Amino acid sequence: MRVGFVGTGIMGRPMAGRLLEAGHQLFIVRHRSEPPRELLDAGARLAESAMAVAEASEVVFTMVPDTAAVEDALFRDRGVAAGLSPGKVVVDMSSISPSAARACAERIRRLGCEYLDAPVSGGDIGARDGTLSIMVGGDRGAYERVKPLFELLGRTVTLVGGSGAGQTCKVANQMIVGINIAAVSEALVLASRAGLDPVRVREALLGGFASSRILQVHGQRMIDRAFEPGGRIELHQKDLGLALAEADQLGVATPMTSVCRDLMDACAAQGGAGWDHSALIRAYELLADHELGTG
């Protein structure tokens, strides 16, 4: 296939690379930063604009930070929409507002094209390894057409429902992930403050019912103080804000999500907006006046 990719950052770069490695023609563009040299060296073609990417491609992926960035990539002057012709598919893999995803889908469909919202979970590790979980909203026919590409990027690919359903599912995912990071942080700080070795505590917990991917990966990052992103605090703040807004519209109580968002805000206020979200533990350390593993 001729595939376009707008947004080749921490997540987009390895995802685009996997499509290229599978033999697809890849078209990329400068979007907020220089395109990765590794993609160009591997055969990706550099287009002069997002419009040119869309003109050259059958399927165009976007992977950018937030709702405003998606709308900019799609609908700005010489954006993706300007280069579309009937029959093409736009796949947004960013994490944005479900209502915004539905609005984007409507605008793209007016051009005779299809739009899938397909946010992901699994972080930069999953993007590199092709083990992401991909949650898709949109038309089944468009989904089946793009599914072979999705299967290069993810281990679990699910059509959740119509337009916006993928983003709603991602909101739920980010609630669960954030609350679990908070739980691991809370438990490790408590154990460390009681004088226990957090390395041994984590090992013990991994063998029981408390075991989780968060404890395995982020628990180790907390112990190692390895807070380079990864998934940035500021992006998880954004996602939890989307969750709270959606909950408010639906009249659903989300007290744990609210607390988790407050803790993310505390980290950002300490200069940690760009930290990996495993650095949420720093908010707990501040509250306890105790750094993990210091006795």
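**Exercise 1. The aromatic cluster**

Is F5 buried or exposed, and at what relative accessibility? Using this predicted model, classify the ring pairs that involve F5 and F61.

*Solution.* 

Step 1. Buried means under 20% relative accessible area. F5 has a relative accessibility of 0%, so F5 counts as buried. F61 likewise counts as buried, at 0% relative accessibility.

Step 2. A pair of aromatic rings is described by the distance of the centres and the angle of the planes. Planes under 30 degrees apart count as stacked, and those over 60 as edge-to-face.

Step 3. For F5 and F61, the centres are 5.6 Å apart and the planes make an angle of 15 degrees, and the pair is stacked. F5 belongs to strand β1 (residues 2–6) and F61 to strand β4 (residues 59–62), so this pair ties together parts that are 56 residues apart in sequence.

Step 4. For F61 and F150, the centres are 6.5 Å apart and the planes stand at 75 degrees, so the pair is edge-to-face. F150 is in helix α7 (residues 140–153) while F61 is in strand β4, so the pair ties together parts that are 89 residues apart in sequence. Both F61 and F150 are buried.

Step 5. The count of aromatic pairs comes to three. F5, F61, Y143 and F150 make up one aromatic cluster.

**Exercise 2. Charges over rings**

Which arginine lies over the face of F75, and which lies over the face of W275?

*Solution.* 

Step 1. The criterion requires CZ of Arg within 6 Å of the ring centre and within 35 degrees of the ring normal.

Step 2. R107 lies over the face of F75, with a distance of 3.7 Å from the ring centre.

Step 3. R282 lies over the face of W275, with a distance of 4.1 Å from the ring centre.

**Exercise 3. Salt bridges and their exposure**

How many salt bridges does the structure hold?

*Solution.* 

Step 1. The structure holds 14 salt bridges.

Step 2. R2 lies in strand β1 and E58 in the loop between α3 (50–56) and β4, so the bridge ties together parts that are 56 residues apart in sequence. R2 counts as partly exposed at 38% relative accessibility, and E58 is partly exposed at 22%.

Step 3. R78 is partly exposed, at 34% relative accessibility. The threshold for exposed is over 50%, and E48, at 68%, counts as exposed.

Step 4. E114 counts as partly exposed at 25% relative accessibility, and R109 counts as partly exposed at 33%.

**Exercise 4. The largest pocket**

What is the volume of the largest pocket, and which residues lie nearest its centre?

*Solution.* 

Step 1. The volume of the largest pocket is about 1,200 Å³.

Step 2. Its lining comprises 46 residues, and M11, G122, G123, D124 and G231 lie nearest the centre. The elements that give two or more residues to this lining include β7 (120–121), α6 (123–129), α8 (165–193) and α11 (233–250).

Step 3. By class, the lining of the largest pocket contains 14 nonpolar, 22 polar and ten charged residues.

**Exercise 5. The largest cavity**

How many cavities of 30 Å³ or more are counted, and which residues line the largest cavity?

*Solution.* 

Step 1. The count comes to one cavity of 30 Å³ or more. The largest cavity holds about 30 Å³ of space.

Step 2. The lining of the largest cavity consists of S95, I96, Q167, K170, V171, D239 and L242.

Step 3. At least two lining residues come from each of α8 and α11. α8 provides the largest share, three residues.

Step 4. The lining of the largest cavity divides into three nonpolar, two polar and two charged residues.

**Exercise 6. A contact along the chain**

What separates the C-alpha atoms of D224 and L292, and where does D224 lie?

*Solution.* 

Step 1. D224 is located in helix α10, and at 47% relative accessibility D224 counts as partly exposed.

Step 2. D224 and L292 are 68 residues apart along the chain, and their C-alpha atoms are separated by 9.8 Å.

Technical notes:
Residues are numbered from 1 along each chain as its sequence is written. This is a predicted model: local features need pLDDT of at least 70, side-chain atom pairs count only at pLDDT 80 or more; totals for chains, interfaces and linings use all residues. Side-chain values use heavy atoms; hydrogens and water are left out. On a 1 Å grid over the protein atoms alone, a cavity is a set of points where a 1.4 Å probe fits but cannot get out, and a pocket is an open set with protein on both sides within 12 Å along at least five of seven lines; lining residues have an atom within 4 Å of a point. Grid points are joined across faces, edges and corners, and a volume is the space filled by probe spheres set on the points. Helices (H or I, at least four residues) and strands (E, at least two) are DSSP runs, numbered from the N terminus. Ala, Val, Leu, Ile, Met, Phe, Trp, Tyr, Cys and Pro count as nonpolar, Asp, Glu, Lys and Arg as charged, and the others, Gly among them, as polar. Rings of Phe, Tyr and Trp (its six-membered ring) pair if their centres lie within 6.5 Å; planes under 30 degrees apart count as stacked, over 60 as edge-to-face and the rest as tilted. Buried means under 20% relative accessible area, exposed over 50%, partly exposed in between (1.4 Å probe, protein chains only). A salt bridge is a side-chain nitrogen of Lys or Arg within 4 Å of a carboxyl oxygen of Asp or Glu.
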